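Welcome, and please have a look at the sequence and the fold shown here.

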Amino acid sequence: MLDSLYTEAIAKKDSISKDIDDLFEGELDIDKIWTSEKINPLDEELILAAGDGSFNKKKYLGFYFYAVGAEALIYTPNEGLSNIETVELDTMPNQVFAEERLRNMMGIFEIKTALKAVKNYGLDYYMVDGSLLGDLIRRL
């Protein structure tokens with residue numbers, strides 16, 4: 001599949017470049033909008049982690065073929081970077097709320113992965129994306 005995407009990208013290179021140029025009306029000067037910030041190292045050694053999830057599906061006549069996953073990246077000063085993953089690849093019958101079901105599965109996987117990271121690594125900070133935060137904190 002990746003080879004086909006590369007082939008398609010090469011074939012459409014000129015038209016894609018033109019579309020992007022039209023969107024930015026010429027050259028995009030990153031130096032005008034980039035802000036450099038110096039991040040000072042902390043004296044204490046923290047264990048940090050961040051997590052995110054994703055899902056994708058392909059609809060066929062009578063069923064969906066889907067993949068759902070979540071990953072947490074954990075940084076420990078002594079061991080460096082490691083990860084924890086939760087994934088599922090399967091089929092399900094064609095149904096009205098398939099998108100919502102997969103989105104809920106993704107949220108559950110994100111929470112499970114975050115809990116595994118907290119339990120196994122004794123984290124100081126865990127960074128979550130907005131979708132998980134929205135699932136955990138509801139407006140009244």
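The sections below cover the model, its strands, its cores, its salt bridges and its surface.

## About the model

This is a predicted model, in which local features need pLDDT of at least 70 and side-chain atom pairs count only at pLDDT 80 or more, while totals for chains, interfaces and linings use all residues. Residues are numbered from 1 along each chain as its sequence is written, and side-chain values use heavy atoms, with hydrogens and water left out.

## A pair of strands

Let us start with β2 and β3, which run antiparallel and are joined by 14 bridges. Helices (H or I, at least four residues) and strands (E, at least two) are DSSP runs, numbered from the N terminus. Two strands count as paired if DSSP finds at least two bridges between them.

β2 and β3 form a hairpin, with three residues between them. T76 has G80 of β3 as its bridge partner.

## The nonpolar cores

Which residues make up the largest nonpolar core? It has 11 residues in all: F55, Y64, Y66, V68, A70, M92, A98, L102, M105, M106 and F109. β2 (63-76) and α4 (98-121) each supply at least two residues of this core, and α4 gives the largest share, with five residues. A nonpolar core here is a set of buried Ala, Val, Leu, Ile, Met, Phe, Trp, Tyr and Cys residues joined through side-chain atoms within 4.5 Å. Buried means under 20% relative accessible area, exposed means over 50%, and partly exposed lies in between (1.4 Å probe, protein chains only). In soluble globular proteins, nonpolar side chains tend to be buried together.

## Salt bridges

How many salt bridges does the structure hold? There are three, each being a side-chain nitrogen of Lys or Arg within 4 Å of a carboxyl oxygen of Asp or Glu. Side chains of opposite charge can pair when their charged atoms come close. One of the bridges joins E8 to K12, with the closest N and O atoms 3.2 Å apart. E8 is partly exposed at 40% relative accessibility, and K12 is partly exposed with a relative accessible area of 40%.

K57 pairs with E99, the closest N and O atoms being 2.7 Å apart. K57 lies in strand β1 (residues 48-59) and E99 in helix α4, so this pair ties together parts that are 42 residues apart in sequence. E99 also meets R103 in a salt bridge (3.1 Å, N to O). Because E99 and R103 are four residues apart in helix α4, about one helical turn separates them. Through shared partners, salt bridges join K57, E99 and R103 into one network.

## At the surface

L89 sits in strand β3 (residues 80-93) and is exposed, with a relative accessible area of 60%.
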